[in-house]
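Let's walk through a structure together, one feature at a time. Have the model open beside you as we talk.

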Amino acid sequence: MSTPLPGFESFGAPAAEPTSVGSGEGRGEQAGVEQAVSRATSAARREIAPGAVHVPGWLSLAQQQALVVACRNWARGPVPIRHTKLPNGGVMSVQTVCLGWHWQPYAYTRTADDVNGVQVAELPSWLVELGRTAVAAAYQGRDPATAAAHPSPTHTRDTCTPGTYTPLAYTPDTALINFYDAQAKMGMHQDKDERSNAPVVSLSIGDRCVFRFGNTETRTKPYTDVELASGDLFVFGGPSRFAYHGVPKVRPGTGSPATGLAGGRLNITLRMTGLRG
Ligand SMILES: O=C(O)CCC(=O)C(=O)O
């Protein structure tokens, strides 16, 4: 197993892996979903753009703690967390580890050919379930502003036809786990290596950040700067699925060590790749 990167140690101390974070306080899956949806109803849920929803404080502290533990374990292997190399020779300041499918610019593979050639860890069913709950909470059971439907993972953004969106059909098959130290940032980009237009679910833990959410045409204005704090959920789908977005700034020292994260920011995005094999 390789040595963790500098900054990763501030990710916290090792602990046992959770079996589930999807059901909140352990009262069963349905109770967990209802609880998470109603938390979203009572929270200041805000639609940033059609199909792009910010739900502050959506994850409970226990869920954040469990996710930190799980992410720390995944960061160790089988594919260790690393700074992704870009085709232009640059290196991303964010450190990333993937589940289900490995992302490297600009494709998904099962093995991490740019790291150690090993197959990435599976995406656990509890994380799939959490993603499903997140989509239900963000959209409150409604079609995300006439979003294009994605009835099955085999439908691509090119073949999808508009229709009714059902959060239950949401079955993410990859997670990108990003760790930001105080200096890390992410430039404006589109998530467009997936062959599905299913929403992207984003969970934040640790330091606050400025999350810049833009438009589908250009990296520049108009955009909205959203403060993402620990426990926040952000879902973008429908007309916003291919909007440019990025993280221009992390606010060091603004997270609570109670999450298990001594410093930095953890972001987990769940996606449907639409890939097979
Ligand atoms: O860290 C974030 O909030 C955004 C992450 C992101 O844009 C990505 O992984 O593509």
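**Reading the model, feature by feature**

Q: Is C209 buried or exposed, and why?
A: C209 counts as buried because 25 C-beta neighbours fall inside 10 Å. The general rule is that a residue is buried if 20 or more other C-beta atoms lie within 10 Å of its own, exposed if 12 or fewer, and partly exposed in between, with C-beta atoms placed from the backbone. Before going on, please note that this is a predicted model, where local features need pLDDT of at least 70 and side-chain atom pairs count only at pLDDT 80 or more, while totals for chains, interfaces and linings use all residues. Residues are numbered from 1 along each chain as its sequence is written.

Q: Where does C209 lie, and which residues does C209 touch?
A: Contact means that the C-beta atoms of two residues, placed from the backbone, lie within 7 Å. C209 sits in strand 10. Setting aside residues up to four places away in sequence, C209 touches Y180, L228, V247, K249, V250, R251 and R265. The C-alpha atoms of C209 and V250 are separated by 4.1 Å, although these residues are 41 apart along the chain.

Q: How many helices and strands are there in the protein?
A: Helices (H or I, at least four residues) and strands (E, at least two) are DSSP runs, numbered from the N terminus. The protein has 3 helices and 14 strands. Of its 277 residues, 47% count as buried. Among contacts between residues at least 6 apart in sequence, 77% join residues at least 24 apart.

Q: How do I read a strand, say strand 14?
A: In a regular strand, side chains alternate between the two faces of the sheet. In strand 14, R265, N267, T269 and R271 point one way, while L266, I268 and L270 point the other way. Strand 14 is mostly covered, with 7 of its 7 residues buried.

Q: Which strands pair with strand 14?
A: Two strands pair if DSSP finds at least two bridges between them. Strand 7 pairs with strand 14 in the antiparallel sense over 7 bridges, and F179 stands opposite L266. Strand 9 (residues 200-206) also runs antiparallel to strand 14, joined by 6 bridges. Here L266 is the bridge partner of I205, and G206 stands opposite R265.

Q: What else does strand 9 join?
A: Strand 9 is joined by 4 bridges to strand 12 (residues 233-236), and the two run antiparallel. V201 stands opposite V235 in this pairing. Strand 9 is mostly covered too: 7 of its 7 residues are buried.

Q: Which residues of the largest nonpolar core touch the most other members?
A: In soluble globular proteins, nonpolar side chains tend to be buried together. A nonpolar core here is a set of buried Ala, Val, Leu, Ile, Met, Phe, Trp, Tyr and Cys residues joined through C-beta atoms within 7 Å. The largest one has 62 residues, and A138, L233 and V235 touch the most other members. Helix 3 (residues 125-139) gives this core its largest share, 8 residues. Apart from neighbours within four places in sequence, L233 is in contact with V55, W58, A134, A137, A138 and L203.

Q: What span should helix 2 have?
A: The expected span of a helix is 1.5 Å times one less than its number of residues. Helix 2 (residues 61-76) has 16 residues and so should span 22 Å, which agrees with the 23 Å between its end C-alpha atoms. Its buried residues include L67, V68 and W74. Among the elements covering the buried residues of helix 2 are strand 4 (91-99), strand 7, strand 9 and strand 14.
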